[in-house]
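Me: I have a protein chain to look at and some questions about how it is built. Can we go through them one by one?

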Amino acid sequence: WERGVNAQQRRLVEVYDKWAVGVRLQLAAMAQKGAGIQEQTLFLNRNLPLLETGLQQAMQQGTLAATKRALSGISPTAGVNSLVTKQIMLNDTLVKEALIPHLQKNLLEAIGKSIATDKALLKEAFITLRNRPAQYAGGYWVMLFDVQRQIGLEQQHEKVRKGEELDRIRWMLDPEAVHCVASPGRYGCVDLAGEYEGWDSLPAVPAGQVTCYGNCRCHLEIFRNGEWRRGL
């Protein structure tokens, strides 16, 4: 799971880096030829949709990969497919309305300082923002547990119908992580840690409605066949 998140982070950064290098070199060339801030600004704005599309595609790829990993060989249900569709739409919106505007604002501010004539400063302005798309890899972690909960709820419904014992679930804190506390509208991981009787008693999932968002490194375990196991 951790390797999957790291791979998604690399995927997002690679998309940004490939776009940034081309745009940065072109801006520097334009500045050398005497292009002003207004012309450079127009060039950057014309190229941002390409970055937006690339990041959205990378996010979709990560969502599908996380879903497959979370299912662990279980066939996707209608509920899971609906969840995937909603997550892809949400990710597209986040990239379009949050990530791209943030990158645009910072890059335009840098261009406005006439740094395009200094290749070192221009490079630094683009490199400084690499961490921003990397943060969106947290969506992979969220998807792992959203899919797990969806399948768990469907299996629980069947168990209730048959009068079988419900699965016990426990929220595990990563011993190497710094854990969040409750905030307005969000749970704290330290408060959620512990055992639960059934999926419907679980208030949230790791990286879901918690203060630390996608930075969460907690995980869930299910008690089956006499032992606690991570995943389905």
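Me: What percentage of the residues of the protein chain count as buried?
Reply: Keep in mind that this is a predicted model. The protein chain has 232 residues. A residue counts as buried under 20% relative accessible area. By that cut-off, the buried share is 41%.

Me: How many helices and strands does the protein chain have, and in what pattern?
Reply: The count comes to seven helices and four strands. Read along the sequence, their order is α-α-α-α-α-α-β-α-β-β-β.

Me: What does the C-alpha trace span along its principal axes?
Reply: The trace belongs to the protein chain, and one value is given per axis. The span is about 75 × 35 × 30 Å.

Me: How far does helix 1 reach from its first C-alpha to its last?
Reply: Helix 1 has 31 residues. At 1.5 Å a residue, 45 Å is expected. The helix comes close to that, with a reach of 44 Å.

Me: Which residue just after helix 1 takes a positive phi?
Reply: Look just past the end of helix 1. The phi there is about 95 degrees, and the residue is G34.

Me: Is Q148 buried or exposed?
Reply: Q148 lies in helix 6. Among the residues Q148 touches are W1, W199 and L220. Its relative accessible area is 1%, and the cut-off for buried is under 20%, so Q148 is buried.

Me: What share of the contacts with a separation of 6 or more joins residues 24 or more positions apart?
Reply: Start with the contacts in the protein chain that have a separation of 6 or more. Then pick those between residues 24 or more positions apart. Their share is 73%.

Me: How far apart do the centres of the positive and negative side chains lie?
Reply: The protein chain has 28 positive and 24 negative side chains.

Technical notes: Residues numbered from 1 in each chain as written. Predicted model: local features only at pLDDT ≥ 70, side-chain atom pairs only at ≥ 80, totals over all residues. Heavy atoms only, no water. Helix = DSSP H or I, 4+ residues; strand = E, 2+ residues; numbered from the N terminus. Buried < 20%, exposed > 50% of the residue type's maximum accessible area, 1.4 Å probe, protein only. Contact = heavy atoms within 4.5 Å. Lys, Arg positive; Asp, Glu negative; His and termini not counted. Charge placed at Lys NZ, Arg CZ, Asp CG, Glu CD. Expected span 1.5 Å × (residues − 1). Lists of a residue's contacts leave out its neighbours within four places in sequence.
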